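Visitor: I would like to learn how to read a structure like this one. Please take me through it feature by feature.

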Amino acid sequence: MLERRGKQGGRILACQAINIDECGGREAALKKLAANIRFAHASCQATLPLAEIMFRQVTLPFREDNKIRKTLPFELEPLLPFSGEEIAADYLPSPGPDFLLR
């Protein structure tokens, strides 16, 4: 757990290392971490090995979040070397024609 201190960085308040394999997988490890009362109200960021991350660019005819989330798995499936059911997908919108720089 890191306490931010502006641009100067921060201070480590607490930490916990969990062996994912010994825990029975990522989901079990995250549940174990969430059970730690010190982290009950903290936001969490996880680091994954680069070999387990893929990036794909998909163009969709709409920008509404709910439509994107429903459509994304189907749009990604032909671009992946395995089933879409085996992935967790998220997205970052890229600037488009309706994007204005200020």
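Guide: Start with a patch on the surface: Leu48, Leu50, Ile53 and Phe55 form a nonpolar one, with about 440 Å² of accessible area together. Patches are made of residues with over 30% relative accessible area and no salt bridge; nonpolar side chains (Val, Leu, Ile, Met, Phe, Trp, Tyr) are joined within 5 Å, and like charges within 9 Å. Accessible areas come from the Shrake-Rupley method with a 1.4 Å probe, and for residues only the protein chains shown count as cover. This is a predicted model, in which local features need pLDDT of at least 70 and side-chain atom pairs count only at pLDDT 80 or more, while totals for chains, interfaces and linings use all residues. Residues are numbered from 1 along each chain as its sequence is written, and side-chain values use heavy atoms, with hydrogens and water left out.

Visitor: Where is Leu48 found, and how exposed is Leu48?

Guide: Leu48 sits in the loop between helix H2 (26–35) and helix H3 (65–76). Helices (H or I, at least four residues) and strands (E, at least two) are DSSP runs, numbered from the N terminus. For exposure, buried means under 20% relative accessible area, exposed means over 50%, and partly exposed is in between (1.4 Å probe, protein chains only). Leu48 has a relative accessible area of 40%, so Leu48 is partly exposed.

Visitor: How many disulfides does the count give?

Guide: A disulfide is a pair of cysteine sulfur atoms within 2.5 Å. By this rule the count is zero. As for the cysteines, Cys15 is exposed, with a relative accessible area of 69%, and Cys23 is partly exposed at 23%.

Visitor: How do I read a salt bridge, and how many salt bridges are there?

Guide: Side chains of opposite charge can pair when their charged atoms come close. The rule here asks for a side-chain nitrogen of Lys or Arg within 4 Å of a carboxyl oxygen of Asp or Glu. That gives five salt bridges. One of them joins Arg26 and Glu52, with the closest N and O atoms 1.8 Å apart. Arg26 lies in helix H2 and Glu52 in the loop between H2 and H3, so the pair ties together parts that are 26 residues apart in sequence. Both ends are partly exposed: Arg26 has a relative accessible area of 39%, and Glu52 has 47%.

Visitor: Which residue forms a salt bridge with Glu27?

Guide: The partner of Glu27 is Lys31, and their closest N and O atoms are 3.3 Å apart. The two are four residues apart in helix H2, which means that about one helical turn separates them. Glu27 is exposed at 58% relative accessibility, and Lys31 is exposed at 56%.

Visitor: Which residues are linked with Asp65 in a network of salt bridges?

Guide: Arg69 and Asp90 are linked with Asp65 in that network. Between Asp65 and Arg69, the closest N and O atoms are 3.3 Å apart. These two are four residues apart in helix H3, about one helical turn. Asp65 is partly exposed at 39% relative accessibility, and so is Arg69, at 44%.

Visitor: How do I check the length of a helix, and which residues of H3 are buried?

Guide: The expected span of a helix is 1.5 Å times one less than its number of residues. The 12 residues of H3 should span 16 Å, and its end C-alpha atoms are 16 Å apart, which agrees. As for burial, Ile68, Leu72 and Leu76 are buried in H3. Seen down the axis of H3, its buried residues fall within an arc of 40° (taken from the directions from the helix axis to the C-beta atoms), so they line one face of the helix. An α-helix has 3.6 residues a turn, so residues three or four places apart point the same way. On the other side of H3, Lys70 and Phe74 are exposed.
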